[in-house]
Amino acid sequence: MTYKVLVTSKSFAKYNPEIVEELRGKGIEIVRAKKSNMCSREIAEEIKDYDGIVCGIDPINKEVINAGGKLKVIHMNGTGVDHIDIDEATRRKIYVGNCPGANAVAVAELNLAILLAEARKIIKYSNRIREGRWEREVGVELSGKTMGVLGLGAIGRKFVELLEGFHMNILAYDIRPDLAWCREKKVTLVEDVQEIFGQCDFISLNLPLFDSTRHIINEDSLKKMKKDVIIVNTARGGLINTQDLVQALRDKTIRGAALDAFESEPLDSDSELRRLDVTLTPHLGASSIETMKNVSRIVASHLEEVLLDHDPRNMLNEG
């Protein structure tokens with residue numbers, strides 16, 4: 001028996017294409033979607049004859065899931081699954097999978113990179129040189145300061161490890177922290193996230209997006225922060241209330257922001273963020289060759305487990 005899997009993710013097996021042939025040899029046919037960046041209606045129109053789908057950040061909502069009459073598995077080609085209606089998939093007995101931790105190094109490294117870029121305005125003044133201008137601006141150093149880390153999953157922990165050379169004071173908030181790891185890395189855990197807002201020079205968002213974390217950065221939390229704080233977000237755009245952040249940046253009640261994730265993606269051409277003096281990148285977090293290879297290999301393994309072996313042990317739901 002041959003299973004058909006629709007791939008809407010542009011990066012799946014891009015750097016290790018042999019995976020597609022390996023899956024085909026085992027009875028799983030990979031079919032690339034006709035176009036990228038499809039809306040839910042367009043995906044729904046394609047999905048009806050497929051047993052599985054490997055998606056990027058495409059909207060896999062109730063419309064798509066109900067159109068997939070043969071669907072057995074929905075797999076994210078990465079980590080975040082807030083764009084997938086897991087409840088509806090579970091109701092339809094469809095498994096949902098992801099690749100937890102596979103992108104930790106890439107995202108953590110970008111987290112640090114754009115934080116440094118914002119602290120020293122590297123991108124801004126690189127562009128000024130290209131414009132023929134020779135200007136400077138006084139930036140801020142990370143060394144010896146206090147970093148607040150919201151979320152100590154694989155990415156948050158890797159980010160803390162990357163900061164070791166900066167000799168920073170690390171405060172962190174996590175609902176299920178690894179206490180032994182925190183002791184080893186000299187991370188101070190706080191029970192109330194408000195302590196992070198009030199005490200830190202830099203705040204890094206490394207949380208998943210749930211109802212409980214949506215807009216964790218908002219008008220109230222921004223008012224509690226130091227005037228010189230810089231916020232970095234490589235997780236999910238919905239963690240920040242964009243308008244509240246824009247207002248704080250306009251009023252200069254915070255120093256800056258480095259953002260790789262946005263509430264609406266691609267970032268709207270008329271977004272106010274584009275006109276502010278902040279560091280913006282187009283959701284590059286997991287975009288490293290090493291991560292893409294790793295993620296594709298994990299996805300392929302999970303597809304085999306679910307479709308061929310009927311083994312859902314690595315899925316997020318019971319299906």
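For my residue classes I count Ala, Val, Leu, Ile, Met, Phe, Trp, Tyr, Cys and Pro as nonpolar, Asp, Glu, Lys and Arg as charged, and the others, Gly among them, as polar. This is a predicted model, where local features need pLDDT of at least 70, side-chain atom pairs count only at pLDDT 80 or more, and totals for chains, interfaces and linings use all residues. Residues are numbered from 1 along each chain as its sequence is written, and side-chain values use heavy atoms, leaving out hydrogens and water.

**Entry: a pocket**

I looked up the second largest pocket and noted a volume of about 280 Å³. A pocket here is an open set of points on a 1 Å grid over the protein atoms alone, where a 1.4 Å probe fits, with protein on both sides within 12 Å along at least five of seven lines; lining residues have an atom within 4 Å of a point. The volume is the space filled by probe spheres set on the points. The lining has 15 residues, and Lys 121, Lys 252, Ile 254, Arg 255 and Asp 277 are the closest to the centre. By class I get eight charged, six nonpolar and one polar residue.

**Entry: the first sheet**

My helices (H or I, at least four residues) and strands (E, at least two) are DSSP runs, numbered from the N terminus. I found five strands in an open, parallel sheet ordered β2-β1-β3-β4-β5; strands pair if DSSP finds at least two bridges between them. β2 (28-32) and β5 (95-97) each have a single partner strand, so one side of each lacks a neighbour in the sheet. Between β3 (52-55) and β4 (73-76) I see four bridges, and Val 54 stands opposite His 75.

Helix α12 lies across β1, β2, β3, β4 and β5, at about 170 degrees to β4. Angles run from 0 to 180 degrees between N-to-C directions, with axes fitted to C-alpha atoms, for helices over the stretch in contact; contact means heavy atoms within 4.5 Å.

**Entry: α1 and α12**

How do α1 and α12 cross, and at what angle? The axes of α1 (18-26) and α12 (289-308) come within 10 Å and cross at roughly 10 degrees. That makes α1 roughly parallel to α12 (angles under 35 degrees count as such). Among the contact residues I noted Leu 23 of α1 and Leu 303 of α12.

β6 (146-150) pairs with β7 (169-173) over five bridges, and Val 149 has Ala 172 as its bridge partner.

Note on methods
Angles under 35 degrees count as roughly parallel, over 145 as roughly antiparallel, 65 to 115 as roughly perpendicular and the rest as oblique.
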